[in-house]
Amino acid sequence: MSAGTRPVLLDSWAARSCPVKTQNAFDPAIHLPSGRPATDDAHAAESEAELFTGSQAFADDVCTRLASAIGAVDLRATGDSERSAATVGAIGDGAPVVIAPVLPASERGHRTGSPEALVQAGRTPDGRPGYLPVIITPHAVLERHHTHAEFTWLSALDDPSPLAATLSSEQTFRSGRQGPLLQAAHFWRLLEDLDLIPDPDSPGLAGRRLTGLIGGDRPRTDDAPLVADGLVVSWLDLDHRFIRTFSRTAASGWRRRSVLDRYDHEHAFRVAVASHAADSSAGPGHEPMVSPIVVRECESCQWWSVCEPRLDADDLSVRISKAPLDIREIATLRRMGISTVDDLAAADLEALLPEYLPQVQHRPEPERRIRLAARRARLIRDGVALERNDDDPIDLPSSRLEIDLDIETSPDDRVYLWGLWVDDPDAVLASSAGRPGPYYLAFSSFDQLDDVTEATLAAEAVEWLDDAVRACPDCLIVHYSDYELVHLRRFARNFARPGSPVHSGDIAARAGHLLGSGQFLDLFTVMRRHFFGTAGLGLKVVAQAGPGFSWRDPEPGGLNSQTWWSRAVGDPDPAIRRDSAERVLRYNEDDVRATHELRAWLRGLPSS
């Protein structure tokens, strides 16, 4: 880095994010669309914008609980200009918990930022109070495991010290959710740079380098939560090797590495990328270290307008959106001269695999992944959205009463709508009398739901469906994926459980009869058995590609429907509430009509 270049300081998001973001942020020749120069502050602002909706409220609630710890120092109400000095004072006083600290940057470590909290856990080598970082994420960071959970310790929020933690025999960190783990490692290294980390050989740490995470988990042992309020601090041993990564030297092509190993590698790489991008001595237009590859975060990235022109319109990462190849897989193919869907479609896979596979062993089943990608590339090239897997006959049951079922859930996963498309030409059901053809029926609520009101709505749907099965024992109830049955079983358990606020022996019996009727058909399993979808086998894709069905709403989708429901429930404008409720119902009606049309199309396909 040449003299006069600003120091490279990376926040906790850099190591977990696309390195092209870091490159763009530090390249003085690149400007954001607004015209202002790119900065690492812009990168930080973008990272904040990418946070899960509602995460700030979750973090605030957790911090309030942490503040209940004896001796905790809560700096959230302290002015920004005063928090740095207040942090120094709290650390100097040996506060057991410091909430919302402000730490100085580390130029030698190229690190900046502050975790949500610091927890004292022993003494530094020179005898001062030592601290470990705690970060907060609304996502679950743990999963149940029974073979290698010996590195997970859990402590209550009102006594968060790892020295008071309980070793978990069943909980382990999710290796697939590395983002929060890398952020936690960033703050551990920052505290180490600042000589604030406790000596790992302090009493109680047993040589472990720990960092704390508070996720959306509520760990349980059998049916009881591990702590009263459910939320815990999960302490991760940063040296435990459980993350699968590529390895050139391992016979298998991969090794398990620790979070700290992974973080150090990713951070060092981004420091190099930033330093190269910021080096003004290289002159304008010098060759960047990294090239754009489309990943999920591109959808909300402020740099997309900078990266998009650098990508071929047929780039593999642009065109293959279902089961996409990852960054390393794409980069490996590019080095082999395969960058676009046409390149991969025309490639001789058998000749390609011996060189390709050894470089992508970080992913399980790499050969299956590249073969699926190649199949998708051929279909994209040929303009095919849906391809048969076999020539076997598609045997679909039929009945004089066929009911298509689709539920809609709120952002907190409560079922607020049970939608039905009823095809009853013989008027088996009294409600069908006088109707000229199939009709839509909905059991819905556009009020805030609790356990009781949600179950009351479910009971109405269960009663109606059970009456239909009793009236026509060979009827057909069609759904797409097991989502509807998962919720039906949940309600059946709640109705049957004594002491439950929604306990009802009659409804439990009806739900049991309905679930045991054998009249449900998951149309998704049929599609998965017989078809391959270039863009997957979601209902929106296959209903359009097969029977040519179109949703009336220009933006159909489950996540969008949750937004509409929220407006229907809470918008202050009654017209918006009414229009949003109608939009949800229209969308749900199209969902059940789509499975009806898809089934008719499947039945009309010629037999081989």
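The following exercises, with worked solutions, concern a predicted model.

**Exercise 1.** Determine the strand order of the open five-stranded sheet and identify its edge strands.

*Solution.* The order is E18-E17-E16-E19-E20, and the pairing is mixed. Next, consider which strands pair on one side only: these are E18 (439-444) and E20 (520-522), the edge strands. From one strand to the next, the twist averages 25°. Gly419 has Ala442 in E18 as its bridge partner.

**Exercise 2.** Classify the packing of helices H13 and H14 as parallel, antiparallel, perpendicular or oblique.

*Solution.* The axes of H13 (residues 451-471) and H14 lie 11 Å apart, at an angle of about 110°. Angles of 65 to 115 degrees count as roughly perpendicular; the two helices are therefore roughly perpendicular to each other. At the contact, Glu454, Ala455, Ala458, Ala459 and Val462 of H13 meet Leu488, Arg490, Phe491 and Phe495 of H14. By class, this contact comprises seven nonpolar, no polar and two charged residues. H13 also lies across E16, E17, E18 and E19 (476-479), running at about 20° to E17.

**Exercise 3.** Describe the lining of the second largest pocket.

*Solution.* The pocket holds about 500 Å³ of space. Its lining has 20 residues, with Asp406, Lys540, Gly558, Tyr587 and Asp591 nearest the centre. The elements giving two or more lining residues include strand E16 (402-409) and helix H14 (483-496). E16 supplies the largest share, five residues. Finally, the lining divides into seven nonpolar, eight polar and five charged residues.

Conventions:
Residues are numbered from 1 along each chain as its sequence is written. This is a predicted model: local features need pLDDT of at least 70, side-chain atom pairs count only at pLDDT 80 or more; totals for chains, interfaces and linings use all residues. Side-chain values use heavy atoms; hydrogens and water are left out. On a 1 Å grid over the protein atoms alone, a cavity is a set of points where a 1.4 Å probe fits but cannot get out, and a pocket is an open set with protein on both sides within 12 Å along at least five of seven lines; lining residues have an atom within 4 Å of a point. Grid points are joined across faces, edges and corners, and a volume is the space filled by probe spheres set on the points. Helices (H or I, at least four residues) and strands (E, at least two) are DSSP runs, numbered from the N terminus. Ala, Val, Leu, Ile, Met, Phe, Trp, Tyr, Cys and Pro count as nonpolar, Asp, Glu, Lys and Arg as charged, and the others, Gly among them, as polar. Axes are lines fitted to C-alpha atoms, for helices over the stretch in contact, and angles run from 0 to 180 degrees between N-to-C directions. Angles under 35 degrees count as roughly parallel, over 145 as roughly antiparallel, 65 to 115 as roughly perpendicular and the rest as oblique. Contact means heavy atoms within 4.5 Å. Two strands pair if DSSP finds at least two bridges between them.
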